[in-house]
Amino acid sequence: MYRQNGLSLVELMIAITLGLILMTGVIQLFISSRESFQAQQSTSVIQESGRLAAELINRDLRMSGFTGFRGRMSAINNKLTPVTYKNDFLNGISVYEAKDVTDLAPLANTRALVIRGVLEGAGSELIKRSEEKKLTVGYISTEAGACKDKTNKINGMCVGDTLMVADYQKTIVFKATAIAKNASSVEISFAGTWGKPGPDYENYFMPGARVSVARTVAYFIREGVSKRPSLYQKIDDEDAVELLEGVSNIAVKFNRFSSTSSYSDATGKMNGLWNSKNDPVVSVQLELLIEGFADNVLEEKQVYEFDGKTVTAADRRLRNVFSTTIALRNQLP
């Protein structure tokens, strides 16, 4: 019979040790690759979210304060009652602390940006002088059943919409109580009165003035479906819509026509400053704080600059601040 050979205990222990060393190296390589992938993925998501968020907000910011007529915002007579932050069209932009707009249910210690004006659509042109309770515009189109109550949307307008009628010198904000198509024209009614034509020029309009739908768009931060901070948008009285995950705060500063480089914090200060005839607000700086989804991406807590302050993060998640300057095209003198 042949002698059977095998491994000695020492040889077995050496083999196990070498195997453990190799396995440790493979695990370290895997962990390093995983962390690198998470960091790259977080950076990619942050870049994309920041770009999209800035693009969405910038689109409305550029149109803020537009009345539907050429030129910068004219003197406004707001016939809506009561006037709240939702329909304060005297101010095209306002910035609020979360505690001041609790109906939006934003996250604590964040800000809400509210933009107002004719933000979309070309509006309708008056074809006859305004009457005390009625405006007559040219007919453009009908969208069958497009209004909330399933009635027809005429010239992009529904009964109950907030409208602006504007010319070079003035704007009146009102709520439409009736909209009726009549051959090649559309009659828009208002429950109050415009004032009699003639000497009372501040309350009536000549052909060529424009009637447009006025919107209020709020951008704010709320907990999203993923339980992370998200950017939300609310248009007029519609339900708030989650736009982008990872947007955790907003900061806005404003600049006046008389200043070349000085920007001031806009929080709670835009009201009463927006429509200055002598020194209007002509541009704003928008800052967006974006955070990644993955935890423990960084080796230590991140230190970053946001809204003029140095902040140390409470966790090791990756963050980035996106800053952009927007010229308000309707505010330039």
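**Exercise 1.** Is Ser185 buried or exposed?

*Solution.* Start from the cut-offs: buried means under 20% relative accessible area, exposed over 50%, and partly exposed in between, with a 1.4 Å probe and protein chains only. Ser185 has 11% relative accessibility, so Ser185 counts as buried. The residue belongs to strand S11 (residues 185-189), where strands (E, at least two residues) and helices (H or I, at least four) are DSSP runs numbered from the N terminus.

The model is predicted: local features need pLDDT of at least 70, side-chain atom pairs count only at pLDDT 80 or more, and totals for chains, interfaces and linings use all residues. Residues are numbered from 1 along each chain as its sequence is written, and side-chain values use heavy atoms, with hydrogens and water left out.

**Exercise 2.** Place Ala75 in the secondary structure and classify its accessibility.

*Solution.* Ala75 lies in strand S1 (residues 75-78). Its relative accessibility is 34%, so Ala75 counts as partly exposed. In space, Ala75 and Tyr168 are 9.4 Å apart, C-alpha to C-alpha, although 93 residues apart in sequence.

**Exercise 3.** Describe the largest pocket and the largest cavity.

*Solution.* First, the terms. On a 1 Å grid over the protein atoms alone, a cavity is a set of points where a 1.4 Å probe fits but cannot get out; a pocket is an open set with protein on both sides within 12 Å along at least five of seven lines; lining residues have an atom within 4 Å of a point. Grid points are joined across faces, edges and corners, and a volume is the space filled by probe spheres set on the points.

Next, the pocket. The largest pocket holds about 630 Å³ of space. It is lined by 26 residues, and Gly160, Asp161, Thr162, Asp236 and Asp237 are the closest to its centre. Its lining has nine nonpolar, six polar and eleven charged residues. In this count Ala, Val, Leu, Ile, Met, Phe, Trp, Tyr, Cys and Pro are nonpolar, Asp, Glu, Lys and Arg are charged, and the others, Gly among them, are polar.

Then the cavity. There is one cavity of 30 Å³ or more in the structure. The largest cavity has about 60 Å³ of space. Tyr85, Lys86, Leu104, Thr216, Ala218, Lys234 and Asp236 line the largest cavity, three of them nonpolar, one polar and three charged.

**Exercise 4.** Which residues are linked with Arg317 in a network of salt bridges?

*Solution.* A salt bridge is a side-chain nitrogen of Lys or Arg within 4 Å of a carboxyl oxygen of Asp or Glu. The structure has 21 salt bridges. The network links Arg317 with Arg228, Glu291, Asp295, Asp315 and Arg319. Within the pair Arg317 and Asp315, the closest N and O atoms are 4.0 Å apart. Arg317 counts as buried at 7% relative accessibility, whereas Asp315 is partly exposed at 24%.
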